[in-house]
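Dear colleague,

Please find the structure below for your review.

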Amino acid sequence: MLRASNLTFRAGSRALVDGATAGFEAGRLHLIVGANGAGKSTLIKLLTRLIRPHEGTVEYDGADIGHWSERELARRRAVLSQAVEVAFSMPVRELVMMGRYPHFGARPGASDLHICEEVMRYFEVDDMADRSYGTLSGGEKQRVQFARVLAQIWHPLESAARYLFLDEPLTFLDIRHQIDFMNKVRSFASQPDVVAVGVVHDLSLAARFSDHLLLLHQGRILADGSPAEVLKEEYLRAAFQVSPVLLTNPATGERHVVFEPAESRVVGRPDT
Amino acid sequence: MKGRRADRFWLLLLFVLMMVTTVASIRYGAIDFSSHDMAAAVYGKLAGSNDLTLDQRIFIQLRVPRAILCLLVGACLGVGGTLMQALFRNPIVEPGLVGTSSGAAFGAALFYVFGALLKLNLGGWTLPLAACAGGVVSTYIVFALAHTKHEGRSSILRLLLTGLAINALFMSGIGFLSYVARDPQARSIIYWNLGTLSGADWNAVLVVGAATVLGLVPAIANAKPLNALMIGEEEAVALGVNVGRLKWIILTINVMMVAVATAFTGVISFVGLIVPHILRILRGPDNRFLILGSALLGGTLLSVADLIARVSLRPAELPIGIVTAVVGVPVFVSLLRTREYLS
């Protein structure tokens, strides 16, 4: 169980995240949605302690993570960032092994090597294990990065939950790999000891894959609940400043969100 | 593990290469020594004999410490380059970048100008001390100016740019000092800026040797967190690295190694830039291999350069900074062209 209480983070005088309070249960996939600048990435960074809040606390399993050591934290939570830039190219296998860094000393053990092989197979990058990362396509790179991130928390821990965070993981993937990726995230997140929280842009994708949605607007939580509770016209109009059309797929009952192109009002310009 | 065994093989190969160049370096020079001469000199010294010949004394008091100093300074510069490139995640960084070597050069220039002006009777330690102090002061200025309350993603970039700016400032200071200096002092400044090992003695070996060991041990101990930094500062934090602490450890190691080495030999550029690249092209970017490897290859490269500097214009010698590029560039450029390093 992940719990954020009254989280506030400011840049100058502006609050990027403003008093956010929310709970994220294990075994479910939680997705954060909102417009650009709504504070999604900042919230993820606060939840992972990549940045520290000016006010409020983050609790993993009921314990405040504020004073945990970096390594203690890294054994339990993994983060996939928007775009990872590798300074010096290296073989894919070595990059995936970095995910095991918090778990071994100078050199990897047999279980670390075994986990790397397993995650590479899971993400279908095992056939490029010896290739140089720099020669891969954008989508292949993203799959390798996800393999690295999952290697970090691949096996359950004794008496502690595992935490997975994804900050816009779909950016470089084509539609087939987006769906494939979301299915894998969902099946990983369905384990009873995994708390998975992600940021995605595509609302239809969010509706289809998430168990729990958090809609952010100007650093505040505007709506918090199931996809059906959050993806309502009034909330979406307030958060994105365009009119949504909500469609339901008659075959599956899934909710889809499209936006009317006519009302392309520029945000921030005063009404006349 | 296969990769690890290959790393050991490469380190052994680099070590053998270093020993071979060292033997060549102590054998040839203004005077060539045969293996018999060398053995006799070492035996005479070890036996505590007082009637060594002039040649034997040259060998023991100049040639051997110079060869060893060469290895140590090359090691410091090579390791400094590896550490800085890893820390800044940037391939064009060299160890002097945070202001250390230009500050040391400025300290040396001040020594030449004011030492002559005030007709001070200065002992052999004053120049290294002035240079080392200059290096430490300039680096401190860079750190103080780059430090802000809002530590974040841009902190390393800010340090890099501040270093560039302060380097430019100290270079113009050196330019000014050599402009106002009288001719012999101005020549000394220029000569020092090209690097020279002609001042090598056993004291220098001792001090630079201590700096090399004190730097290498913590550098190797931090090789794994440095690897994590290759995929980004935030990613390294996510992998459990205390990036703030790592940054200070690595910068401190680099400043100590580069300031001390530069203090005894002047500014030797290019070694710290290309040594890590040559090794990365050959073996990849794993710092667990690169740090020790760049100590060995840095020493080897500087030894070869010093040998060429001493024999090419016998009995005179060239400043080593003129030779390092001539030795290193052909190797570097041909490797860059043949491997898919920059893809």
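**Helix H5 of chain B**

In H5(B), the buried residues are B:Leu127, B:Pro128, B:Ala130, B:Ala131, B:Cys132, B:Gly134, B:Gly135, B:Val136, B:Ser138, B:Thr139, B:Val142 and B:Ala146 (buried: 20 or more other C-beta atoms, placed from the backbone, within 10 Å of the residue's own). Helix H5 of chain B covers residues 126-146, 21 residues in total, and spans 30 Å from its first C-alpha to its last, close to the 30 Å expected at 1.5 Å a residue (1.5 Å times one less than the number of residues). Helices are DSSP runs of H or I with at least four residues, and strands are E runs of at least two, numbered from the N terminus.

This is a predicted model, in which local features need pLDDT of at least 70 and side-chain atom pairs pLDDT 80 or more, while totals for chains, interfaces and linings use all residues. Residues are numbered from 1 along each chain as its sequence is written, and chains are lettered from A and ligands numbered from 1 in the order written.

**Strands E6 and E7 of chain A**

In strand E6 (residues 77-80) of chain A, A:Arg77 and A:Val79 point one way, A:Ala78 and A:Leu80 the other, and all are buried. E6(A) pairs in the parallel sense with strand E7 (residues 162-167) of chain A over 4 bridges (pairing requires at least two DSSP bridges). A:Tyr163 in E7(A) is the bridge partner of A:Arg77.

**Domains of chain A**

Chain A is divided into domain 1 (1-76 + 158-272) and domain 2 (85-156), with bounds from an automatic or database domain assignment. Their centres, taken over C-alpha atoms, are 26 Å apart.

Yours sincerely

Conventions
Buried ≥ 20, exposed ≤ 12 C-beta atoms within 10 Å, placed from the backbone.
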